Amino acid sequence: MSDISIQSQQIRRYKLLKTEHSRLGTLENKNAIQADIECCFLQEKNSKQRYHLKTTNYGQTNNKGLYGLSKDLQVLKSDIVVSVSEKGMIEDVVNIEEIRAKWQSIKDKIMTKHKSDLYNKETEEKITELVEDKERFASSIRYLPPFVSLFSGFSAQTNAEEHYREKQFFIAKDKMPIILQTQKMKKSQIPDVIEIIAEGKLDEDNYEQPGVARFVKTARDNLRAKSDPKLQYIERYAFNNSSLPVQSLCMSTVTIPGFLQQNEKSILKEVL
């Protein structure tokens, strides 16, 4: 495309619903999230599109421990401008300077509130390092709802395609790499709507978690205990003559039989 900026006020509004449930041995955690998302197309330049994403009315049911810290850090992602690549996924966070300034203004209050043996000066430093590294920050949100739900790489023009995803593993330092393959594309009963279904599998060639194996075997006091995670992953989209979906669904289950189960489900639906 030519080096011409196209200004627009194309705004689409969505409702996000997300549920999380994890069980590790006898420990169990649940959380439910809901929020309103406003997605405004800003401009297109050099084949890359910019969008302003604003999250409001954010609420969740579990405000303890890591869930509480994550909720307070949500403000860093609630007003964000992203650049989307030709492949349809987030490539860059344009207003990173505003996000850095926001973190500097709230970090003392947040870290004082959550100060504990788990969340200390090291935690603060890691968050600071993340917002200071523009590429890492963009990567940290790329595969998270609602960002991946809006900018999935799929569209109404999608043919048989393969995409990459990453998923946070409850007991792992690094994320799980996932290969996502379109399984079905069909016309919906709704006129002009195309549905896409994609299934994911663990990218075993690039998954190495010796720390997970050690943790599981030690926690279970059994050196022969099974420690390989099993993954079920699916994404579904409905498109209506646009690169943005009218509705999306992402569901995943990670299990280590007899030891761990981690379920997540997120629904993003356009509000007309």
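How many nonpolar, polar and charged residues does the lining of the second largest pocket have? By class, this lining has eight nonpolar, four polar and four charged residues; Ala, Val, Leu, Ile, Met, Phe, Trp, Tyr, Cys and Pro count as nonpolar, Asp, Glu, Lys and Arg as charged, and the others, Gly among them, as polar. The model is predicted: local features need pLDDT of at least 70 and side-chain atom pairs count only at pLDDT 80 or more, whereas totals for chains, interfaces and linings use all residues. Residues are numbered from 1 along each chain as its sequence is written, and side-chain values use heavy atoms, with hydrogens and water left out.

The chain contains six helices and eleven strands, taken as DSSP runs numbered from the N terminus (helices H or I, at least four residues; strands E, at least two). Of its 272 residues, 45% count as buried, that is, under 20% relative accessible area with a 1.4 Å probe and protein chains only. Among contacts (heavy atoms within 4.5 Å) with a separation of 6 or more, 59% are between residues 24 or more positions apart.

The second largest pocket holds about 370 Å³ of space. On a 1 Å grid over the protein atoms alone, a pocket is an open set of points with protein on both sides within 12 Å along at least five of seven lines, and lining residues have an atom within 4 Å of a point. Of the 16 lining residues, Ile190, Val193, Ala238, Val246 and Gln247 lie nearest the centre. Strands S8 (194-202), S9 (230-239), S10 (245-256) and S11 (260-270) each give two or more residues to this lining, and S10 gives the most, with four.

A cavity, by contrast, is a set of grid points where a 1.4 Å probe fits but cannot get out. The whole structure has one cavity of 30 Å³ or more. About 50 Å³ of space lies in the largest cavity, and its lining consists of Ser139, Ser140, Tyr143, Leu144, Glu166, Lys167, Gln168 and Lys175. Helix H4 and strand S6 (162-167) give two or more residues each.

Helix H2 (residues 96-113) has 18 residues and reaches 25 Å from its first C-alpha to its last, close to the 26 Å expected at 1.5 Å a residue. A kink of about 50 degrees is centred on Ile106, which is also one of the buried residues of H2, together with others including Trp103 and Ile110. The buried residues of H2 pack against helices H1 (65-73), H3 (121-132) and H4 (134-142) and strands S4 (79-84) and S5 (90-93).

Technical notes: Points joined across faces, edges and corners; volume = space filled by probe spheres on them. Expected span 1.5 Å × (residues − 1). Bend = angle between axes of the 7 residues up to and from the residue. Buried < 20%, exposed > 50% of the residue type's maximum accessible area, 1.4 Å probe, protein only.
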